[in-house]
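Me: I've got this model open and I'd like to learn how to read a few of its features. Can you walk me through them?

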Amino acid sequence: MHEVLTLDGGVEVNHSLGAGQDWSQGSVPASGAASGTRLALFAPDLEPPRTARGGLGLFHTFNGGLRLGVSGSFRRTEALLRRIDLNRLLVPSGTDQDGRPLFGDLRIVSGVLLADPASNRRFPGFESVWALNADGWSEYRGVTASVDAPLWQGGSLSLSYTWSETTDNWVGAAQGGALARVVPELPVEGWDESRSDFDVPHRLSALVMLPLPFPWGGEVTGLYTLRSDLPFTPRVAAGLDANGDGSPFNDVAFVPSSGGGIEALAQEWDCLARGLGGFAERNGCRGDPVHTLNVRLSLGLPRVGGVAGALVVDGLNLTDADMGVRDDNLLLLRSGVVKATPTGVEVPYRVNPGFGGWVFRGDTGRMVRVGIRIGGGQ
């Protein structure tokens with residue numbers, strides 16, 4: 001709503017492509033420049049998102065306290081907002097060497113790949129016309145099996161495993177910024193209707209609690225979890241507009257069949273091995289599963305003034321789980337110029353040897369926490 005109210009034609013955007021630009025006077029050189037207003041509007045089929053949910057579970061408790069369960073759930077969400085730029089060219093103006101449709105005349109300036117701003121707009125008076133369509137959907141299905149069992153001397157064990165699948169056509173939903181959510185136009189039918197940015201197919205947790213035979217009581221508790229890593233799509237480096245549609249954050253990489261070090265990366269990443277010689281599968285890459293282990297030791301202390309206390313020692317993330325943001329840039333720009341060839345426009349790309357590595361780590365590292373808990377007991 002904010003975007004539609006703000007971008008109602010009152011914002012003017014200037015684009016200029018080339019070297020030696022001078023913006024100090026607040027104006028754009030006439031040569032190679034384009035300017036226009038930015039507009040956003042709701043599509044006629046706008047409606048609030050709606051979700052249908054269903055679930056079924058079967059549980060049984062045996063003599064002795066053993067409890068087994070299995071459950072399934074399903075969710076379907078409709079009317080998620082997706083965007084399309086109505087001011088982009090209706091049909092491609094050409095293709096690159098990999099068959100990628102192009103919507104403008106590509107150029108390289110100071111290491112940046114983008115389209116000439118005067119070549120990829122339908123209506124010269126507008127810079128962009130964002131139509132927000134309620135045609136997005138998301139679907140989830142999952143099955144969970146669980147076991148709860150008593151252990152000796154009042155201990156307990158809880159195990160849970162979930163298999164799930166999440167699909168949608170909500171491209172770029174996990175990324176920040178509107179331009180990352182523009183659907184790339186690829187010569188692959190149904191590319192955008194596939195694995196979701198939020199798909200986590202495997203989740204396992206094990207919780208164990210054992211009492212300790214100390215005079216004032218105590219217990220040790222351990223929680224182990226395992227989950228699939230979040231998926232990601234190999235792409236042309238962020239900041240490069242490989243297809244000239246105006247978005248430098250949505251271009252899927254074409255996986256070379258050989259050369260440039262792709263063979264070594266394909267041995268490490270199955271998603272690249274499956275996609276050699278074609279456009280990368282949406283969210284086809286996934287890192288190793290994420291393991292976490294947390295342990296708590298609680299030791300009862302003598303009562304002071306009739307108030308119970310306990311010494312608590314927590315070991316958090318003892319496995320030092322790898323979490324954070326991965327480098328999903330498969331293709332980088334090398335020095336050179338964009339050339340026109342009989343088979344299409346040739347853009348000088350090179351393979352990123354650091355593909356799949358960590359851009360930055362987001363985990364907390366191993367941590368030990370010591371404290372005293374007062375009260376809470378009889």
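Me: How do strands β3 and β4 pair, parallel or antiparallel?

Reply: Two strands count as paired if DSSP finds at least two bridges between them, and strands themselves are DSSP runs (E, at least two residues; helices are H or I, at least four), numbered from the N terminus. Here β3 (residues 50-61) and β4 (residues 67-85) run antiparallel, with 12 bridges. Arg-50, for instance, has Glu-78 in β4 as its bridge partner. Five residues sit between the strands of this hairpin, and Gly-64 has a positive phi near 100 degrees. Mind you, this is a predicted model: local features need pLDDT of at least 70, side-chain atom pairs count only at pLDDT 80 or more, and totals for chains, interfaces and linings use all residues. Residues are numbered from 1 along each chain as its sequence is written, and side-chain values use heavy atoms, with hydrogens and water left out.

Me: How many disulfides are there?

Reply: A disulfide is a pair of cysteine sulfur atoms within 2.5 Å. The count is one: Cys-271 and Cys-285, with sulfurs 1.9 Å apart. The link is right-handed, at 90 degrees about the S-S bond.

Me: Which parts does the Cys-271 and Cys-285 pair tie together?

Reply: Cys-271 is in helix α3 (residues 270-274) and Cys-285 in strand β18 (residues 285-286), so the bond joins parts 14 residues apart in sequence.

Me: Are Cys-271 and Cys-285 buried or exposed?

Reply: Buried means under 20% relative accessible area, exposed over 50%, partly exposed in between (1.4 Å probe, protein chains only). Both Cys-271 and Cys-285 are buried.
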